[in-house]
Amino acid sequence: MVKENTVDILGPPQSSAPVTTTVIDIRGETAVPDHIVWSLFNTIFLNWCCLGFMAFAYSVKSRDRKMVGDVIGAQTYASTAKCLNVCALVLGLLLTITFIILFVTGSLMIPQMVRQHGGY
């Protein structure tokens, strides 16, 4: 059901008192991204140093704050979750690429080379 607001034009005020106006700012529901899907992805696949899990925890806190109606608290937790997600993603990609490079170049084969040359 849609309510329509109408204003009747009454003309100039009848009294000589100054006219005062009041402005009420009614905010609609602000969309606060909680980054929970990104945090879940980082928790499952790129959880280096538990950054993905920490981001997931902050995402859940952000969603809880949003459900209660605390938009500022939700934005604070969401920005922390975003920062942790970025750190987890960058660190995870760097360490994964480094591991792949070391594996391809054979640098991770050191124990096998030591065994072949009588080191054990």
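1. A disulfide is a pair of cysteine sulfur atoms within 2.5 Å of each other. By this criterion, a search of the whole structure returns 0 disulfides. The sulfur of Cys-87 has its closest cysteine sulfur in Cys-83, at 4.4 Å, which is too far for a bond. For Cys-49 the closest cysteine sulfur is that of Cys-50, and the 7.6 Å between them is likewise too far for a bond.

2. The model is predicted, so that local features need pLDDT of at least 70 and side-chain atom pairs count only at pLDDT 80 or more, while totals for chains, interfaces and linings use all residues. Residues are numbered from 1 along each chain as its sequence is written, and side-chain values use heavy atoms, with hydrogens and water left out.

3. The protein chain contains 4 helices and 0 strands; these are DSSP runs numbered from the N terminus, with helices (H or I) of at least four residues and strands (E) of at least two. The order of elements from the N terminus is α-α-α-α. Of the 120 residues in the chain, 18% are buried; buried means under 20% relative accessible area, exposed means over 50%, and partly exposed lies in between (1.4 Å probe, protein chains only). Among contacts with a separation of 6 or more, 62% join residues 24 or more positions apart, a contact being heavy atoms within 4.5 Å.

4. Two packed helices are described by the angle between their axes and the distance between the axes. Axes are lines fitted to C-alpha atoms, for helices over the stretch in contact, and angles run from 0 to 180 degrees between N-to-C directions. Helix 1 (residues 36-45) packs on helix 2 (residues 51-68) at about 155°, and their axes are 8 Å apart.

5. By class, the contact has 6 nonpolar, 5 polar and 1 charged residues. Here Ala, Val, Leu, Ile, Met, Phe, Trp, Tyr, Cys and Pro count as nonpolar, Asp, Glu, Lys and Arg as charged, and the others, Gly among them, as polar.

6. Helix 2 also packs on helix 3 (residues 71-105), at an angle of about 160° and with the axes 8 Å apart. The contact of helix 2 with helix 3 divides into 12 nonpolar, 6 polar and 3 charged residues.

7. Two residues other than glycine have a positive phi. His-35, in the segment before helix 1, has a phi of about 60°. Cys-50, in the loop between helix 1 and helix 2, has a phi near 60°.

8. Cys-49 counts as exposed, at 60% relative accessibility. Cys-50 is partly exposed, with a relative accessible area of 44%, and Cys-87 is partly exposed at 37%.
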